[in-house]
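Please walk me through this structure, feature by feature. I would like the general idea first and the case at hand second.

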Amino acid sequence: MGRCVDHHRAFPGTVSVSNPIYVRLLVDLLESLIGAGFRRIFLLNAHGGNITPGRMAIYDVQIGHRDMADLWLAFSSWWQIAEPQVAAIEELQAKW
């Protein structure tokens, strides 16, 4: 799912939504999971443009559920988690 990706619209099938709508979508998804009883939720991002709205959604939901001591929400991007492993791949290192 893409966030505001207007710069990719030349590619067929690109879907783009505004930041407020994307944040609202994430909030609604998180609220649905919480309503279903989930208390440990991790959102894994794969698009650079989704970092800020993803963090905003996490923040909004956390603020709304301050009374839930057992609620754990986290957000990260795959490249942050895999940075050491990706950096170790010799074929990906610049050859200057």
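The dialogue below covers the fold, a helix pair, salt bridges and a surface patch.

Q: What kind of model is this, and which residues count?
A: The model is predicted; local features need pLDDT of at least 70 and side-chain atom pairs count only at pLDDT 80 or more, while totals for chains, interfaces and linings use all residues. Residues are numbered from 1 along each chain as its sequence is written, and side-chain values use heavy atoms, with hydrogens and water left out.

Q: How many helices and strands are there in the chain?
A: Helices (H or I, at least four residues) and strands (E, at least two) are DSSP runs, numbered from the N terminus. This chain has four helices and two strands, in the sequence pattern α-β-α-β-α-α.

Q: At what angle do α1 and α2 pack?
A: Axes are lines fitted to C-alpha atoms, for helices over the stretch in contact, and angles run from 0 to 180 degrees between N-to-C directions. Helix α1 (residues 19-35) packs on helix α2 (residues 51-64) at about 45°, with the axes 9 Å apart. The two are therefore oblique (angles under 35 degrees are roughly parallel, over 145 roughly antiparallel, 65 to 115 roughly perpendicular, the rest oblique).

Q: Which side chains meet in salt bridges?
A: Side chains of opposite charge can pair when their charged atoms come close. The criterion is a side-chain nitrogen of Lys or Arg within 4 Å of a carboxyl oxygen of Asp or Glu. The structure holds two such bridges. D28 pairs with R24 at 2.5 Å, N to O; these residues are four apart in helix α1, about one helical turn. R39 pairs with D70 at 3.7 Å, N to O. R39 lies in the loop between α1 and β1 and D70 in the loop between α2 and β2 (72-77), so this pair ties together parts 31 residues apart in sequence.

Q: Is R39 buried, partly exposed or exposed?
A: Buried means under 20% relative accessible area, exposed over 50%, and partly exposed in between (1.4 Å probe, protein chains only). R39, at 26%, is partly exposed, and D70 is partly exposed at 41%. Of the 96 residues of the chain, 29% count as buried.

Q: Which residues make the nonpolar surface patch?
A: Patch residues have over 30% relative accessible area and no salt bridge; like charges are joined within 9 Å, nonpolar side chains (Val, Leu, Ile, Met, Phe, Trp, Tyr) within 5 Å. Here F42, L44, W72, W78, W79, I81, V86, I89 and L92 make a patch of about 870 Å². The largest share, three residues, comes from α3. W78 lies in helix α3 and is partly exposed, at 43%.

Methods. Accessible areas come from the Shrake-Rupley method with a 1.4 Å probe; for residues, only the protein chains shown count as cover.
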